[in-house]
Amino acid sequence: MNKDLESLVLSEDQIAEKVKDAAAWLDERFKAGDTPPLAISVLKGSVFFFCDVVRAMQTPVQLDFMTVSSYGSSTKSTGVPKIVMDLSSSVQDRDVILIEDIVDSGHTLVRMKELIMGRGAKSFTVVSLFDKPARRAVPIRADYSCFEIGDEFIVGYGLDYAQQYRNLPYVGILKREIYEK
């Protein structure tokens, strides 16, 4: 385990099992569609989860990416998500799957739903690796969440602090002295 972590929250095996479950849930939901849904990753945090989920799916999907920032180098959301890099695909009349790392305050998810549906998407489905309801500031949820967590600051498997720890293959709680300097 990384020396900057207080404790391990999820092992690689625990994550892999939930990735399979999320992919199976999406397969069931989109198996009857005439056109492949568009799966969107919000970079950078969801990239590992996104890749693992879409590779585990049996349903054909098309992929696109966005960068939305609401944390910067902080441990708390600013509440004002900013689109840094937009999609290259049209969502008009498409089933859209947003694959997120974590639903925290909910501000980013609200902004993404408004944006995608406002562009004419047929549907908007959200799959998240983590749900952190203790921090929810707006009434929104993912359609499918793999894990519910408390109000700890976690890193690993795409989740970061100041662009570090994303490449850890597991998820752990970051020691407070690391981010309260």
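I began with Leu129, which is found in strand β6. Helices (H or I, at least four residues) and strands (E, at least two) are DSSP runs here, numbered from the N terminus. This is a predicted model, so I kept to its limits: local features need pLDDT of at least 70, side-chain atom pairs count only at pLDDT 80 or more, and totals for chains, interfaces and linings use all residues. Residues are numbered from 1 along each chain as its sequence is written, and side-chain values use heavy atoms, with hydrogens and water left out.

**Leu129**

Is Leu129 buried or exposed? I found it buried, at 1% relative accessibility. (Buried is under 20% relative accessible area, exposed over 50%, partly exposed in between, with a 1.4 Å probe and protein chains only.) I then looked up its contacts, meaning heavy atoms within 4.5 Å. Leaving aside neighbours within four places in sequence, I listed Phe49, Glu100, Asp101, Cys146, Phe147 and Tyr157 for Leu129. I also noted Phe50, which is 79 residues from Leu129 in sequence but 9.3 Å away in space, C-alpha to C-alpha.

**The cores**

Next I turned to the nonpolar cores, which are sets of buried Ala, Val, Leu, Ile, Met, Phe, Trp, Tyr and Cys residues joined through side-chain atoms within 4.5 Å. The largest has 28 residues, and Phe49, Val53, Ile99, Phe130 and Ile154 have the most contacts inside it. I see at least two residues of this core coming from each of α1 (12–30), α2 (47–56), β5, β6 (123–131), β7 (144–148) and β9 (171–174). Which element gives the largest share of this core? It is α1, with 6 residues. For Val53, with neighbours within four places left aside, I noted contacts with Val19, Ala22, Ala23, Leu26 and Ile99. Apart from this core lies another, of 20 residues, including Val68, Ala121, Phe124 and Val138.

**Aromatic pairs**

I count rings of Phe, Tyr and Trp (its six-membered ring) as a pair if their centres lie within 6.5 Å; planes under 30 degrees apart are stacked, over 60 edge-to-face, and the rest tilted. The structure holds 7 such pairs. Trp25 and Tyr144 have ring centres 5.2 Å apart and planes at 35°, so I logged the pair as tilted. Trp25 lies in helix α1 and Tyr144 in strand β7, so this pair ties together parts that are 119 residues apart in sequence. Trp25 is partly exposed at 24%, whereas Tyr144 is buried at 17%. Phe130 and Phe147 are also a tilted pair, with centres 5.8 Å apart and planes at 35°. Both Phe130 and Phe147 are buried.

My last stop was α3, whose 12 residues reach 16 Å from first C-alpha to last, close to the expected 16 Å (1.5 Å times one less than the number of residues). Its buried residues are Thr108, Leu109, Met112, Leu115 and Ile116. They cover an arc of only 130° around the axis, which puts them on the same side of α3; I took the arc from the directions from the helix axis to the C-beta atoms. Glu114 and Gly118, on the other side, are exposed. The buried residues pack against β2 (38–43), β3 (62–69), β4 (82–85), β5 and β6. After α3 comes Gly120, with a positive phi near 95°. In the loop between β5 (95–103) and α3 (107–118) I found Ser105, which is buried at 10% relative accessibility.
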